[in-house]
Amino acid sequence: MRVDLNSDLGESFGRYTIGMDKEIIPLITSANVACGFHASDPVVMQETVRLAKEAGIQVGAHPGFPDLMGFGRRNMVISREEAYAYTLYQVGALDAFLQAQGCTLQHVKPHGAFYNMAAKDETLSEAICKAIRDYNKELIVLALPAGELYKAARNLGLRTAAEVFADRAYEEDGTLVNRKKPGAMITEETEALTRIIRMVKEHKVQAITGKDIDIEVDSVCVHGDGVKALAFVEKLRDGLTKEGIEICPLNEFV
């Protein structure tokens, strides 16, 4: 059994620091780096890539809606053409920093509302995936296994990776529970670890309704801006290893 451990990072901006990137990066295998739309700036992007390179981990682009004030977690109505252009712009921007440091982009994972809307919107998903394909057809698309983004990536012949969340609850359709709803966030590390181990070994997770649902797992995400992000990553890494589950980057098995 193998699984990737990822985190959303590089989300600081100017003089504002968000997350614990320096502490988390050495413990994960893939970093989803913000590209300047929902968070980050060129200096932060460059520094995050440098930290990832030093730690020997893989980097993915984490494009979002142009929504710095809302941290990319507010829904936006955009056209197919805008979705394509926003994705292409952000992926290319991050890749420039990687190329400058002799690194290679591994994957793309949309952020926040961009990610959640794409999970349910076929048109939006197709636009995102076409931009990824047109930029580099070898990139891996990281997405909810039950969502439209995952399906669109497969339909376009892109490499796909099924992502699950250690700190989020699930609806019965396999989508994430809205953060505004009670019980949407998993805040206890032991509970998170137990859920993740079951997902990896049994391909099952209990939805917020109490019903067991099927789920595929290639990568486990912990949000880098969470209060307990570091504790979650440490607990997950230790617990998965003890269960005989190998932790390695996506490009080694997807």
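Is Tyr-89 buried or exposed? Select Tyr-89 and colour by accessibility: with a relative accessible area of 56%, Tyr-89 is exposed, where exposed means over 50%, buried under 20%, and partly exposed in between, with a 1.4 Å probe and protein chains only.

Before going further, note that this is a predicted model, in which local features need pLDDT of at least 70 and side-chain atom pairs count only at pLDDT 80 or more, whereas totals for chains, interfaces and linings use all residues. Residues are numbered from 1 along each chain as its sequence is written, and side-chain values use heavy atoms, with hydrogens and water left out.

**The whole chain**

Show the cartoon, in which the protein has eight helices and ten strands, taken as DSSP runs (H or I of at least four residues for helices, E of at least two for strands) and numbered from the N terminus. The C-alpha trace spans about 40 × 40 × 35 Å along its principal axes. The radius of gyration is 17 Å, which agrees with the value near 18 Å that a compact globule of 254 residues would have; this radius is taken over C-alpha atoms, and the globule rule is 2.2 Å times the number of residues to the power 0.38. Of the 254 residues, 54% count as buried.

**The first aromatic pair**

Now display the rings of Phe, Tyr and Trp (its six-membered ring), which pair if their centres lie within 6.5 Å, and count as stacked with planes under 30 degrees apart, edge-to-face over 60, and tilted for the rest. The count comes to four aromatic pairs. In one of them, Phe-37 and Tyr-89, the ring centres are 5.6 Å apart and the planes stand at 40 degrees, so the pair is tilted. Because Phe-37 lies in the loop between β2 (30-34) and α2 (42-55), and Tyr-89 in helix α3 (residues 80-100), this pair ties together parts 52 residues apart in sequence.

**The next pair**

Select Phe-65 and Phe-114 next: they form a tilted aromatic pair, 4.9 Å centre to centre with 55 degrees between the planes. Phe-65 sits in the loop between β3 (58-62) and α3, and Phe-114 in helix α4 (residues 112-118), so that the pair links distant parts of the chain, 49 residues apart. Phe-65 counts as buried at 0% relative accessibility, and Phe-114 is buried with a relative accessible area of 0%.
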